[in-house]
Every structure is written in structure tokens, then in C-alpha cells.
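Biologist: I am new to this structure and would like a close look at one part, the nonpolar core and what surrounds it. Please take me through it step by step.

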Amino acid sequence: MRLRNITGSREVIAGSPYVVQEAVLPDCPGKWKKIFGNDAPIQIEIGMGKGKFIHTMAKAHPEINYIGIEKYSSVLLRAIQKMEREELPNLKFLRMDAEDILSVFAPGEVDRIFLNFSDPWPKDRHAKRRLPSREFLARYDVILKKDGKLEFKTDNRALFDFAVGELEPAGWQAEVITFDLHGDEELVRGNVMTEYEEKFSAQGNPICKYVISRTGMAGRRAQVK
Ligand code: SAM
């Protein structure tokens, strides 16, 4: 999602109390509990877009701290506006490229990772940029606590098939997998829809989802690569 450049979005972000500012990011690894002021678990959404999913999750689970990560200012601005309408103490935003995620979280600091409708990067030469690629899984392996889980949803079947194919070589395993989330009575219970999910499911596209964890080989595989 790349909205038209919105004049002033950078200035709004720079002055927003909901955004952890770029200048303090180097101090953040290992400090997230202190930043939130409590010991609650930390869950993050990478590529949150306008923030509907993470805002709904944070409202429903005040006992969990949420961090929404988004690369583009014009998109993050929408999530900030949502927070201005309904402030939540357990939600913070980062404007950054997820490629640099290792510089903001300490090993094992994150309890759960959500990837929702990640950009497909359809060209083979851009496969490394896909958020569920083995390169990103190696990064998630560092920041996610040992028994932590990662959830991924998309309507893009080619991207989902790619993501499933990355699991074994990266040392992860699927605990849950469906090619039609909304058609699965059990799995859809409690599902929080994202902006893209609303749009694409309304068009009749089935939604794929997996929940994954490490097999115990993740770190070793990543080093071998
Ligand atoms: N998750 C939202 C949803 O499901 O409605 C938005 C999906 S949109 C297709 C993907 C979002 O991920 C875009 O807002 C894009 O800017 C962001 N994104 C893509 N690559 C990213 C990266 N490397 N780091 C941070 N954000 C990224």
C-alpha cells in the first residue's frame, strides 16, 4: 500500500506521541517493557498499513502490548489519525523498513509476529523482499521468543505457496494452515479483519493463513545459508 504522498505526514509523525521516534530507536532493544511501563507480552505487526488490525487487537487485548511497523509515512499517518480518535495505551508505531528489525528488538523480546497481506514482490529477483521469505524468517527467528509464533494471512495464493515453501528450509513448521480461512468455522472464530482482508474477501477471494513456529533448526539453517 502506497498512498499518494501526503504533505505534512512526516511532520505529523515526528510530533506524534504514538510513534517511537527514529532518534531513540537505537536505545530500544531490550527496553520495550520499560517503554510501555509494564511487563506485558509484546506482539508486532509488520507492514500494518492503516492500522485497522492492530488497533482492533490492542483494544480487544489491553493485557498485551502491540507495536505496528510501517515503512511509508503517508500510510502510517492514517494509523496515527485512528489513534487520535481512539487512544490506546498499549499500542505504539514505528516508521521503518522491516529489513532493519534486528536493530530495534533484542533477541527473544517479541512474543508474536503478524504479517497481513504482505506485498507480493512478484519478480523472482525480489523474493528476498517478501516479508515471509527465508531471509525475513531468519530475522524473526532472532527477535521472537523461543516458543513464539508467527501468523500470516493473504489472499495471494502464489505468495502463500511461496511462504509455505520457505518454512522447511528456514527451520520453521506450520501449526495451522488453511487456504480458506473464512470458510473454516473453527479457525475464523475471533479473526480480526485487516483493511485488505475486508476488500479482497468482499470480492470473493479466499483468504489463506498459517500459524508457524520453529522446528529447533531455524538458527542453524539460517547460518548455513
Ligand atoms: N497489513 C495491512 C492490511 O492487511 O490491510 C496492509 C497491507 S499492504 C498490502 C502492505 C503494507 O506493508 C504496506 O502498507 C507497505 O507499505 C508495508 N510494507 C511493505 N514492506 C515493508 C517493509 N519492508 N517494512 C515495513 N513495512 C512494509
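Modeller: What follows goes from the core to the domains and then to the aromatic rings. This is a predicted model, in which local features need pLDDT of at least 70 and side-chain atom pairs count only at pLDDT 80 or more, while totals for chains, interfaces and linings use all residues. Residues are numbered from 1 along each chain as its sequence is written, and side-chain values use heavy atoms, with hydrogens and water left out.

A nonpolar core is a set of buried Ala, Val, Leu, Ile, Met, Phe, Trp, Tyr and Cys residues joined through side-chain atoms within 4.5 Å, where buried means under 20% relative accessible area, exposed over 50% and partly exposed in between, with a 1.4 Å probe and protein chains only. The largest such core has 39 residues, and among them Ile-44 and Phe-105 touch the most other members. Several elements, including β1 (42-46), β4 (110-116) and α6 (157-170), each supply at least two residues of this core, and α6 gives the most, with six residues; helices (H or I, at least four residues) and strands (E, at least two) are DSSP runs numbered from the N terminus. Because domain 1 (1-100) and domain 2 (107-225) both give residues to this core, it lies between them; these bounds come from an automatic or database domain assignment. Leaving aside neighbours within four places in sequence, Phe-105 is in contact (heavy atoms within 4.5 Å) with residues including Trp-32, Ile-44, Leu-94 and Ile-143.

Since Phe-160 lies in helix α6 and Phe-179 in the loop between β6 (172-178) and α7 (195-202), the pair ties together parts that are 19 residues apart in sequence. Phe-160 is buried, with a relative accessible area of 0%, whereas Phe-179 is partly exposed, at 37%. Ring pairs also link Phe-160 and Phe-179 with Phe-152 and Tyr-210 into a cluster.

Key
Rings of Phe, Tyr and Trp (its six-membered ring) pair if their centres lie within 6.5 Å; planes under 30 degrees apart count as stacked, over 60 as edge-to-face and the rest as tilted.
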